[in-house]
Amino acid sequence: MCVLSRSLDARGSPEVSYFCATTSLFLPPPSSSSSSFSSFSSLAVKLVGSMALSGGHKDRELRVHESLDELSTDLADYIAELSEASVKERGVFAIALSGGSLIGLMGKLCEAPYNKTVDWAKWYIFWADERVVAKNHADSNYKLAKDRLLSKVPIIPSHVHSINDTVSAEEAADDYEFVIRQLVKSRVISVSDISDCPKFDLILLGMGPDGHVASLFPNHSALEEKDEWVTFITDSPKPPPERITFTLPVINSASNVAIVATGDSKAEAVHLAVDDVGSDSPSVPAGVAQPLKGKLVWFLDKAAASKLEGSQFSA
Ligand SMILES: O=C(O)[C@H](O)[C@@H](O)[C@H](O)[C@H](O)COP(=O)(O)O
């Protein structure tokens with residue numbers, strides 16, 4: 001795998017370095033005329049970006065993979081490493097999941113070596129968003145995660161915190177926030193030192209073609225929610241309509257956030273979220289998901305990365 005890293009030097013100027021791990025050679029940066037993701041089509045490319053932006057520190061990494069198989073392995077490694085670090089530091093790992101293709105892409109966690117090496121008993125599971133349907137409904141994110149992941153590894157059932165599916169969306173959101181508050185009090189979930197928000201060790205997000213993350217959809221008022229930790233919507237453009245979702249302040253208080261997006265249909269939204277498209281505020285919700293003190297990692301395949309600007313690679 002080749003790694004491209006971008007950081008700021010002591011004077012604040014961008015520095016770009018290229019390192020090819022397979023050959024252990026430092027390579028010259030590509031010329032600007034060939035500096036697009038498509039010109040790296042035969043390589044698994046990882047771009048690491050760490051830059052100070054107005055309003056605070058922005059720690060962001062882009063990992064672009066040659067295949068879904070490679071992405072799944074990298075995602076499993078990433079989650080296993082964060083789990084190990086968190087268990088070492090805090091004794092627990094508080095992880096929030098979403099729905100969609102993300103769960104299938106986490107499948108390698110159920111296989112060797114992760115099924116044996118991960119300290120599953122220390123995991124506490126939450127949902128960054130959930131559809132307000134019964135737990136055994138085909139649309140339930142809980143059911144998806146249970147069938148594809150949670151039932152295949154030795155997670156402690158009482159550590160799995162799904163929503164109350166017997167009440168309205170509004171009550172389910174309130175209920176879920178209450179549960180999270182109790183677990184913040186008992187320090188199963190850390191607390192942010194810059195807000196009063198919970199600080200999840202990892203929030204895993206998928207992204208829709210419209211750039212939504214969790215159930216925060218473009219131009220929806222839920223995106224503006226600043227006071228609640230968990231809110232609800234009853235008019236989701238993606239069915240089913242009733243959902244609960246973490247709010248942006250919670251997502252952006254996490255220690256780590258990963259956004260996983262694959263396929264051509266996500267390419268435009270990835271471009272809008274990641275590239276500096278010349279407007280003051282990113283035009284899709286995924287573009288405002290950026291932990292204030294934590295780290296954001298994008299897991300992409302080449303198709304989803306195909307519209308990223310080549311300027312990302314220019315010195
Ligand atoms: O409940 C949901 O609908 C999800 O949490 C949602 O945010 C999902 O992650 C994205 O829509 C991406 O889904 P795909 O990866 O399947 O496109």
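Me: How do the shell residues around the ligand divide into nonpolar, polar and charged?
Reply: Three are nonpolar, eight polar and three charged. Here Ala, Val, Leu, Ile, Met, Phe, Trp, Tyr, Cys and Pro count as nonpolar, Asp, Glu, Lys and Arg as charged, and the others, Gly among them, as polar. This is a predicted model: local features need pLDDT of at least 70, side-chain atom pairs pLDDT 80 or more, while totals for chains, interfaces and linings use all residues. Numbering starts from 1 along each chain as its sequence is written.

Me: Which residues come nearest the ligand?
Reply: S98, G99, G100, S101 and G206, out of 14 around it. A residue is near if its C-beta atom, placed from the backbone, lies within 6 Å.

Me: Which elements each supply at least two shell residues?
Reply: α2 (101–105) and β8 (129–131). Helices (H or I, at least four residues) and strands (E, at least two) are DSSP runs, numbered from the N terminus.

Me: Switching to β7. How many of its residues are buried?
Reply: Five of five, across residues 123–127. Buried means 20 or more other C-beta atoms within 10 Å of the residue's own, with C-beta atoms placed from the backbone. W123, I125 and W127 cover one side, Y124 and F126 the other.

Me: What about β6 and β7, parallel or antiparallel?
Reply: Parallel, joined by five bridges. Strands pair if DSSP finds at least two. A96 has F126 as its bridge partner in β7.

Me: And what does I259 contact, leaving aside neighbours within four places in sequence?
Reply: L205, M207, V213, A286, A289 and W298. Contact means C-beta atoms, placed from the backbone, within 7 Å.

Terms used:
Contact = placed C-beta atoms within 7 Å. Buried ≥ 20, exposed ≤ 12 C-beta atoms within 10 Å, placed from the backbone.
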